[in-house]
Amino acid sequence: MNIVLLLAHSIEEYDQVKLLTSLGYDVFSIGAYSDPAHPGDDKRPPIPEAPDHPELRAACDAQRARLEAERGAPGRALDWAKAELPDAVLDWADTVIVHHFEHTWLAPQWDRLRGKRVIWRTVGQSVEGNERLMGPLRAQGLQIVRYSPCERAITGFAGEDALIRFCKDPDDWSGWTGSIAAVTNVTQHLRARDPYTNWGFWESSTRGLQRRPFGPGSERIGGGGALNYDALRKVLRDYRAYLYTGTQPASYTLGLIEAMMTGIPVVSIGPSWMRVFPYGPDLFEGHKIVGNWYDDPDEARAELLVYLSDPACARADSAHFRDTAIELFGRETIGTAWKAFLG
């Protein structure tokens with residue numbers, strides 16, 4: 001089966017290209033891994049075992065050049081090669097899986113795509129408007145793969161054909177030591193994107209504790225800034241505890257999985273903080289996955305303090321978090337689910 005992937009998130013793209021390739025599918029991803037041996041950024045490593053399709057990559061480059069000359073440079077989310085798939089790419093594809101910007105990459109060219117097997121893979125960014133847009137397309141043959149059962153709480157829910165969670169390779173995420181007795185968190189622009197990132201919960205729950213957040217923009221709040229792949233894995237191995245604050249509207253995030261699978265003890269924010277959308281508390285699943293959660297920042301702080309002051313307790317809980325992550329998101333579990341769905 002030839003699969004074309006449309007994503008706008010290089011980390012998720014790495015996970016999906018690597019997984020589908022390992023399952024025996026021929027994958028071409030238009031994005032950071034269009035050339036899987038030379039990814040477009042340092043957030044994840046190359047995937048040399050993935051197939052390379054220089055002719056499809058060239059068709060995408062030509063499409064971008066042609067349409068940019070005709071219509072001007074598009075915005076970041078548009079990408080002419082995704083918004084109007086080149087004929088060569090569409091002819092090659094058996095299946096097209098759209099992870100992001102379905103309102104830009106899927107709906108406007110639905111009439112061209114519908115001759116193929118087309119899948120909308122949700123990723124934690126869908127709200128009522130996205131669901132209502134996709135509903136009529138599902139009635140015409142679009143398939144929907146959900147990433148969380150809690151998405152059923154979204155007003156106007158468009159249904160589902162499968163529930164398959166995100167995937168992480170346990171070989172990539174392991175080795176927690178907790179050698180640095182401090183709390184961490186990895187979020188893009190944790191403070192600047194508040195309330196979507198619940199920075200207030202982070203600030204209240206970690207006050208007076210040894211703490212250091214990471215991610216772009218974290219330098220402004222005493223953090224360590226953006227991390228490449230190896231640096232991120234080291235942070236998750238070294239820090240004693242992780243405070244998960246979520247990012248609305250996501251039910252859970254890739255960052256949570258990476259933290260738990262590494263084995264760092266996690267304390268999660270509770271659902272009452274998910275107030276940006278009226279169905280936000282029901283849409284959130286991170287606290288259920290973690291199991292160790294609090295709506296009250298003072299209670300979360302007390303739990304973090306236990307981990308910081310009691311390394312033995314942190315070590316005891318580490319194995320539980322890792323086991324839970326592997327059970328829910330591990331390569332074997334998720335690979336089996338995709339294989340059953342795709343055929």
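Let's start with β7 and β8: these two strands run parallel and are joined by four bridges. One spot to look at is V186, which stands opposite F214 in β8. (Helices, H or I with at least four residues, and strands, E with at least two, are DSSP runs numbered from the N terminus; two strands pair if DSSP finds at least two bridges between them.)

Before going on, a word on the model: it is predicted, so local features need pLDDT of at least 70 and side-chain atom pairs count only at pLDDT 80 or more, while totals for chains, interfaces and linings use all residues. Residues are numbered from 1 along each chain as its sequence is written, and side-chain values use heavy atoms, leaving out hydrogens and water.

**Two sheets**

Now zoom out from that strand pair. β7 and β8 belong to an open sheet of five strands with parallel pairing, in the order β8-β7-β9-β10-β11. Its edge strands, β8 (211–214) and β11 (293–294), each pair on one side only.

There is also an open sheet of six strands, again with parallel pairing, ordered β2-β1-β3-β4-β5-β6. Here β2 (26–30) and β6 are the edges, each pairing on one side only. Inside this sheet, three bridges join β4 (residues 117–121) to β5, and the two run parallel. I119 has Q143 in β5 as its bridge partner.

**Rings meeting rings**

How many aromatic pairs are there? The count comes to twelve, where rings of Phe, Tyr and Trp (its six-membered ring) pair if their centres lie within 6.5 Å; planes under 30 degrees apart count as stacked, over 60 as edge-to-face and the rest as tilted. Here are two of them:

| Pair | Centre distance | Plane angle | Type |
|---|---|---|---|
| Y147 and F166 | 4.9 Å | 50° | tilted |
| F214 and Y239 | 5.7 Å | 80° | edge-to-face |

Y147 sits in the loop between β5 (143–146) and β6 (162–163), and F166 in the loop between β6 and β7, so their pair ties together parts that are 19 residues apart in sequence. Are these two buried or exposed? Y147 counts as buried, at 0% relative accessibility, and F166 is buried too, with a relative accessible area of 5%. (Buried means under 20% relative accessible area, exposed over 50%, partly exposed in between, using a 1.4 Å probe and protein chains only.) Y147 and F166 also form one aromatic cluster with Y252 and F329.

**Charges over rings**

R71 lies over the face of W80, 5.1 Å from the ring centre. The charged end of K339 sits over the ring of Y25, 4.6 Å from its centre. (This needs NZ of Lys or CZ of Arg within 6 Å of the ring centre and within 35 degrees of the ring normal.)

To finish, go back to where we began.
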